[in-house]
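Trainee: I have a new model open and I want to learn how to read it. Can we go through it feature by feature?

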Amino acid sequence: MSIFTPTNQIRLTNVAIVRMKKGGKRFEIACYKNKVMSWRSGAEKDLDEVLQTDKVFMNVSKGQVAKKEDLSKAFGTDDVTEICKQILAKGELQVSDKERQTQLEQMFRDIATIVAEKCVNPETKRPYTVNLIERAMKDIHYSVKANKSTKQQALEVIRQLKESIQIQRAHMRLRFVLPAKEGKRLKEKLKSLIKVVESEDFDDQLEMVCLIDPGCYREIDELIRCETKGKGSLEVLSLKDVEEGDEKLE
């Protein structure tokens with residue numbers, strides 16, 4: 001004897017649920033665990049890798065699929081893909097307290113790792129260890145935000161840590177070569193974006209090796225490309241100007 005299963009019920013297991021209340025009703029989507037945060041941070045671009053099924057539910061655990069008219073009324077469209085993207089972006093991820101704690105601890109570690117990779121002690125030029133950054137984050141009582149990317153939060157942490165320890169973004173080392181005419185015209189503009197000029201040679205062209213804040217790279221690259229119409233060149237000699245060995249603070 002076959003068992004009849006209603007067509008509007010779908011059973012799913014080992015699922016991460018993202019919930020959103022809209023138009024007085026609750027809507028849920030069923031996602032793969034660990035994929036929701038990857039989507040929100042931009043690391044995952046393929047929606048099929050995030051969703052277990054391309055259906056919108058009233059209740060995932062009971063397998064109740066949302067009616068088409070309810071979706072249209074609440075979201076102003078019956079395009080399920082678009083609705084899933086809205087719920088993914090603005091909905092609340094349902095996880096157990098234990099899962100949430102584990103997730104926050106992992107994000108805390110990831111943020112500290114990014115900060116350690118990007119920063120140095122400006123006096124010694126030595127990088128900090130991940131453990132030391134974690135300790136410093138705990139000292140300032142940094143609270144991880146589950147809905148923000150680790151990269152965004154790392155930049156926030158760097159700003160906050162500057163008040164308690166000697167820390168700055170590690171400089172990038174660049175070499176640029178400009179034709180004499182453009183070199184003379186752009187020299188002052190470029191120098192305002194440079195932290196340290198290591199060498200400068202101006203003969204029939206301007207050749208300079210310098211250290212910059214990584215945040216200025218795009219502006220320098222754009223300036224050289226646009227102002228020289230492709231005649232100038234820019235080369236990254238090193239992404240991080242650091243001394244060997246980790247920084248240790250007692």
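Trainee: Which residues are linked in a network of salt bridges?

Mentor: Keep in mind that this is a predicted model. For a salt bridge, look for a side-chain nitrogen of Lys or Arg within 4 Å of a carboxyl oxygen of Asp or Glu. Here Arg19, Arg26 and Glu28 are linked in such a network. Take the pair Glu28 and Arg19: their closest N and O atoms are 2.7 Å apart.

Trainee: Is Glu28 buried or exposed?

Mentor: Buried means under 20% relative accessible area. Glu28 has 1%, so it counts as buried.

Trainee: How many salt bridges does the structure hold?

Mentor: It holds 15.

Trainee: Which strands does the pair Arg173 and Glu198 link?

Mentor: Start with the contact. Arg173 and Glu198 form a salt bridge, with 2.8 Å between the closest N and O atoms. Now place the partners: Arg173 is in strand β8 (residues 172–179) and Glu198 in strand β9. They are 25 residues apart, and the pair links distant parts of the chain. Strand β9 covers residues 196–202. Glu198 is partly exposed, at 37% relative accessibility.

Trainee: Where do Arg175 and Glu207 lie?

Mentor: First the bridge: the side chains of Arg175 and Glu207 meet at 3.5 Å, N to O. Arg175 lies in strand β8, and Glu207 lies in strand β10 (residues 205–212). This pair also links distant parts of the chain, across 32 residues. Both ends are partly exposed: Arg175 has 27% relative accessibility, and Glu207 has 30%.

Trainee: Which residues gather in a patch of negative charge?

Mentor: For a charge patch, look for like charges grouped on the surface. Here the group is Asp46, Asp48, Glu49 and Asp54. Asp48 sits in helix α2, which runs over residues 47–50. Exposed means over 50% relative accessible area. Asp48 reaches 61%, so it counts as exposed.

Trainee: Where do Lys125 and His141 lie?

Mentor: Lys125 is in the loop between β6 (119–120) and α6. His141 is in the loop between α6 and α7 (150–161). Lys125 is partly exposed at 24% relative accessibility, while His141 is exposed at 69%.

Trainee: Is Leu132 buried or exposed?

Mentor: Leu132 is buried, with a relative accessible area of 8%. It belongs to helix α6, residues 130–139. Check its spacing too: Leu132 and Ala116 are 16 residues apart in sequence, and their C-alpha atoms are 8.7 Å apart.

Trainee: How many helices and strands does the protein chain have?

Mentor: Nine helices and 11 strands. For the overall form, compare the radius of gyration with the globule rule. The chain has 26 Å, well over the 18 Å that the rule gives for 250 residues, so it is more spread out than a compact globule. Its C-alpha trace spans about 90 × 50 × 35 Å along the principal axes.

Trainee: What share of the residues is buried?

Mentor: Buried residues make up 36% of the 250 in the protein chain.

Technical notes:
Residues are numbered from 1 along each chain as its sequence is written. This is a predicted model: local features need pLDDT of at least 70, side-chain atom pairs count only at pLDDT 80 or more; totals for chains, interfaces and linings use all residues. Side-chain values use heavy atoms; hydrogens and water are left out. Patches are made of residues with over 30% relative accessible area and no salt bridge: like charges are joined within 9 Å, nonpolar side chains (Val, Leu, Ile, Met, Phe, Trp, Tyr) within 5 Å. Accessible areas come from the Shrake-Rupley method with a 1.4 Å probe; for residues, only the protein chains shown count as cover. Lys and Arg count as positive and Asp and Glu as negative; His and the chain ends are not counted. The place of a charge is taken as NZ of Lys, CZ of Arg, CG of Asp or CD of Glu. Helices (H or I, at least four residues) and strands (E, at least two) are DSSP runs, numbered from the N terminus. Buried means under 20% relative accessible area, exposed over 50%, partly exposed in between (1.4 Å probe, protein chains only). The radius of gyration is taken over C-alpha atoms; the globule rule is 2.2 Å times the number of residues to the power 0.38.
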